[in-house]
Amino acid sequence: VDTGSGVREIRYTVNDTEPDELFGTIYSDPFPLSATTTVRFRAYDNAGNREASASRTIKVDKVAPVAPTITEHPDGTTNARDARFEFEGGEPSLVFECRLGTAAFVACSSPVSYTDVGEGARTFEVRARDEAGNSGPSASFAWTVDLTPPAAPVIDSGPPNPSTAQTATFDFHSDEAGVLFTCRLDDEAFALVSELAHGRDD
């Protein structure tokens, strides 16, 4: 009769055999696993009794997930201070972590949105972590928030004043690269330069 004699030892096997006194190894310290393994184990008490064996299948995963794919993001240059990102991973059951700039990574899910993003160059990063705790490389997207209007263009030349010509040509430029120009004559509506006629007769 077992009146609480205490556990004498725990035996285990990793080859799917019963962990008895012939084949079982006495557990004393953590042991390494190099592949997905079914571990069988049972306890023996000081009175000679043994429990029914139990088992656990342990999946060994040392492969980090690939970088997520960012499927939606802001324009490369924008004056919007809100940014929304969508992304996806290459395997199921992933946990995602995101960050903006050099902030710490925090748990996130797709889609993720940011508000009141400051002006200047910005970078979004997202990485994935699998069930085994492996973290993969991050995917990133860089864009620029530009809230500063360009300076007034510089008119380099125009028609003589006064003039008898019924056409007028103006040359102008901006010190900021990549700007678009809109022009108007008198009280007409502003229009992109490419949409303007080169002259008028009235």
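Me: Where does asparagine 46 lie?
Reply: Asparagine 46 is in the loop between strand 3 (37-45) and strand 4 (54-58). Keep in mind that the model is predicted.

Me: Which residues is asparagine 46 in contact with, leaving aside neighbours within four places in sequence?
Reply: Ser5, Gly6, Val7 and Arg8.

Me: And how many Å separate the C-alpha atoms of asparagine 46 and valine 179?
Reply: The separation is 86 Å. Along the chain, the two are 133 residues apart.

Me: Back to strand 3. How many bridges join strand 1 to strand 3?
Reply: There are 6. Strand 1 covers residues 7-13, and the two strands run antiparallel.

Me: Which residue of strand 3 is the bridge partner of isoleucine 10?
Reply: Alanine 43.

Me: What about strand 3 and strand 4, over how many bridges do they pair?
Reply: They pair over 5 bridges, again in the antiparallel sense. In that pairing, arginine 56 of strand 4 stands opposite valine 39.

Me: Where do the side chains point in a regular strand?
Reply: They alternate between the two faces of the sheet.

Me: What is phi of serine 93 near?
Reply: Near 60°, which is positive, and serine 93 is not a glycine. Serine 93 lies in the loop between strand 7 (83-88) and strand 8 (95-100). Its relative accessibility is 48%, so serine 93 counts as partly exposed.

Me: And aspartate 186, what is its phi near?
Reply: Phi of aspartate 186 is near 60°. Aspartate 186 lies in the loop between strand 15 (182-183) and strand 16 (191-192). At 56% relative accessible area, aspartate 186 is exposed. Most residues other than glycine have a negative phi.

Me: Now salt bridges. How many does the count come to?
Reply: The count is 10 salt bridges. In general, side chains of opposite charge can pair when their charged atoms come close.

Me: Which residue forms a salt bridge with arginine 8?
Reply: Glutamate 9, with the closest N and O atoms 3.2 Å apart. Arginine 8 is partly exposed at 38%, while glutamate 9 is buried at 12%. Arg8, Glu9, Arg11 and Glu21 are linked in a network of salt bridges.

Me: Which residue meets glutamate 97 in a salt bridge?
Reply: Arginine 129, at 2.8 Å from N to O. Glutamate 97 is in strand 8 and arginine 129 in strand 11 (residues 120-129), so the pair ties together parts 32 residues apart in sequence.

Me: And arginine 99, which side chain does it meet?
Reply: Glutamate 125, at 2.8 Å from N to O. Arginine 99 lies in strand 8 and glutamate 125 in strand 11, so this pair ties together parts 26 residues apart in sequence. Glutamate 125 is buried at 15%, and arginine 99 is partly exposed at 23%.

Terms used
Residues are numbered from 1 along each chain as its sequence is written. This is a predicted model: local features need pLDDT of at least 70, side-chain atom pairs count only at pLDDT 80 or more; totals for chains, interfaces and linings use all residues. Side-chain values use heavy atoms; hydrogens and water are left out. Helices (H or I, at least four residues) and strands (E, at least two) are DSSP runs, numbered from the N terminus. Contact means heavy atoms within 4.5 Å. Two strands pair if DSSP finds at least two bridges between them. Buried means under 20% relative accessible area, exposed over 50%, partly exposed in between (1.4 Å probe, protein chains only). A salt bridge is a side-chain nitrogen of Lys or Arg within 4 Å of a carboxyl oxygen of Asp or Glu.
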